[in-house]
Amino acid sequence: MNGSTALSTPMTDPFGRTISYLRVSVTDRCDLRCFYCMSEDMTFLPKANLLTLEELDRLCTAFIAKGVKKLRLTGGEPLVRRNVMTLVRSLSRHLSSGALNELTLTTNGTQLAKYASELADCGVRRINVSLDTLDPRKFREITRWGEIDKVLEGIEAARAAGLAVKINAVALKSLNEDELPDLMRWAHGKGMDLTLIEVMPMGEIGSGRIDQYLPLSLVRARLAQQFTLTDLAESTGGPARYVGVAETGGKLGFITPMTHNFCESCNRVRVTCTGTLHTCLGHEDASDLRKPLRASDDDALLADAIDRAIGLKPKGHDFIIDRRHDRPSVSRHMSVTGG
Ligand code: SAM
Ligand code: SF4
């Protein structure tokens, strides 16, 4: 396609799915080391490989011109990227102009006490906070050295700033499986939705996945013995399926990449902090956007590269964890692609 046309052409993939949701990993670094996400001695990208905040802004802006309505910053831990609020502030102009419907982020919450009110001031309305347990000892075990108090303080700061908080928890065999009902009661008691996630086989983490993987079909069946779960028709266009919980009045989501394929309605793509576009979380596909971004001040080359990549978006993924396949399906860590 001619570059100048590509600048504002909507992104529709070969299966007719229109891309309106972009997730941007602004750093691969993190202040925690969740054992299912990273190995303890994780090697991070050299800082020189990273897009600058100005380049990230330009990249996001190009996607917004091509129809992205929802933008999520993630990581690694997005709030440990130096001066990340400059980027958030600058991107918020697209909310003011109406080009973007939602600017949000996924965070581990450790820095939220510092940034919550500024995020709200920039037009962020909802955030996802990842928290797998309420037990300080288990939290330390899962994150290798994290302090849960910082996260809980961060969540309270976010709520006080008026942000809607959704809690994301990875269901982990023998680690938090007994605690999930309590985690749900706690989240719902504070008016926060809870979404449970199945462990995905992404990246070498120094151990296999078999010991971590807990199918959510089992979790749901167990919860259904204690709670009245009613399927909710609503879908966010995302991979989560929601149920209402009569006893708590809250909403519970299930993200089940392993037991249920959710690709038919996929409306999203991901960009890493080095400007690599991944059109599917479960495939090795990758397109370099940094080169066209840096090759010219005009966005035509970039828009063309985006169109070419979207034209190759795979139909779906095929994650497997069993004894014969206890290896990463995808070599990238979740912290690189940004969950
Ligand atoms: N650091 C931020 C956080 O933890 O929310 C954002 C990035 S983190 C990679 C995004 C989400 O991916 C978190 O909810 C985390 O629990 C989840 N995650 C990381 N590795 C995963 C894996 N192998 N399988 C499933 N979820 C994973
Ligand atoms: Fe860091 Fe998030 Fe990965 Fe945990 S899940 S190590 S907080 S990037």
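Met-85, Val-88 and Arg-89 of helix α3 touch Tyr-115, Glu-118, Leu-119 and Asp-121 of helix α5. That contact draws on four nonpolar and three charged residues, with no polar ones. Please keep in mind that this is a predicted model.

**Helix α3 against α5**

- Helix α3 covers residues 84-91, and its axis comes within 10 Å of the axis of α5, crossing at roughly 15°.
- Angles under 35 degrees count as roughly parallel, so α3 is described as roughly parallel to α5.
- The crossing of α3 over α5 is right-handed.

**Helix α5 against α7**

- Helix α5 (residues 112-121) also packs with helix α7 (residues 148-160), at an angle of about 15° and with the axes 8 Å apart.
- Because of that angle, α5 is roughly parallel to α7.
- Here too you will find a right-handed crossing, with α5 passing α7.
- On the α5 side the contact involves Leu-112, Ala-113 and Ala-116, and these meet Gly-154, Ile-155, Ala-157 and Ala-158 on the α7 side.
- Sorted by class, the residues in the contact of α5 with α7 are six nonpolar and one polar, with no charged residue.

**Helix α2 against α3**

- Helix α2 (residues 53-65) packs with α3 at an angle of about 30°, and the two axes are 10 Å apart.
- An angle under 35 degrees counts as roughly parallel, and α2 and α3 are therefore roughly parallel to each other.
- The crossing in which α2 passes α3 is right-handed.
- From α2, the contact uses Leu-53, Leu-56, Asp-57 and Cys-60, while α3 brings Thr-86, Leu-87, Ser-90 and Leu-91.
- The contact of α2 with α3 contains five nonpolar residues, two polar residues and one charged residue.

**Around ligand 1**

- There are 18 residues around ligand 1, and those that come nearest are Tyr-36, Gly-76, Glu-77, Ser-130 and Met-200.
- The side chain of Tyr-36 has an N or O atom 3.0 Å from an oxygen atom of ligand 1.
- Gly-76 takes part through its backbone, where a polar atom is 3.0 Å from a nitrogen atom of ligand 1.
- Thr-107 also uses its backbone, with an N or O atom 3.2 Å from an oxygen atom of ligand 1.

**Around ligand 2**

- The shell of ligand 2 is made of Cys-30, Leu-32, Arg-33, Cys-34, Cys-37, Met-38, Gly-76 and Asn-108.
- By class, the shell around ligand 2 has five nonpolar residues, two polar residues and one charged residue.
- If you are tracing Gly-76, look for it both among the residues around ligand 2 and among those that come nearest to ligand 1.

**Ser-296 in its loop**

- Ser-296 sits in the loop between α10 (290-295) and α11 (300-310).
- A polar atom of the Ser-296 side chain lies 2.9 Å from the backbone nitrogen of Asp-298.
- Setting aside neighbours within four places in sequence, Ser-296 is in contact with Arg-58 and Leu-301.

Terms used:
Residues are numbered from 1 along each chain as its sequence is written. Chains are lettered from A and ligands numbered from 1 in the order in which they are written. This is a predicted model: local features need pLDDT of at least 70, side-chain atom pairs count only at pLDDT 80 or more; totals for chains, interfaces and linings use all residues. Side-chain values use heavy atoms; hydrogens and water are left out. A residue is near a molecule or strand if one of its heavy atoms lies within 4 Å of it. Ala, Val, Leu, Ile, Met, Phe, Trp, Tyr, Cys and Pro count as nonpolar, Asp, Glu, Lys and Arg as charged, and the others, Gly among them, as polar. Axes are lines fitted to C-alpha atoms, for helices over the stretch in contact, and angles run from 0 to 180 degrees between N-to-C directions. Helices (H or I, at least four residues) and strands (E, at least two) are DSSP runs, numbered from the N terminus. Angles under 35 degrees count as roughly parallel, over 145 as roughly antiparallel, 65 to 115 as roughly perpendicular and the rest as oblique. A crossing is left-handed if the near helix is turned anticlockwise from the far one by less than a right angle, and right-handed if clockwise. Contact means heavy atoms within 4.5 Å. A polar contact is a pair of N or O atoms within 3.5 Å; within protein, one must be able to donate a hydrogen and the other to accept it, and residues adjacent in sequence count only if both atoms are side-chain atoms.
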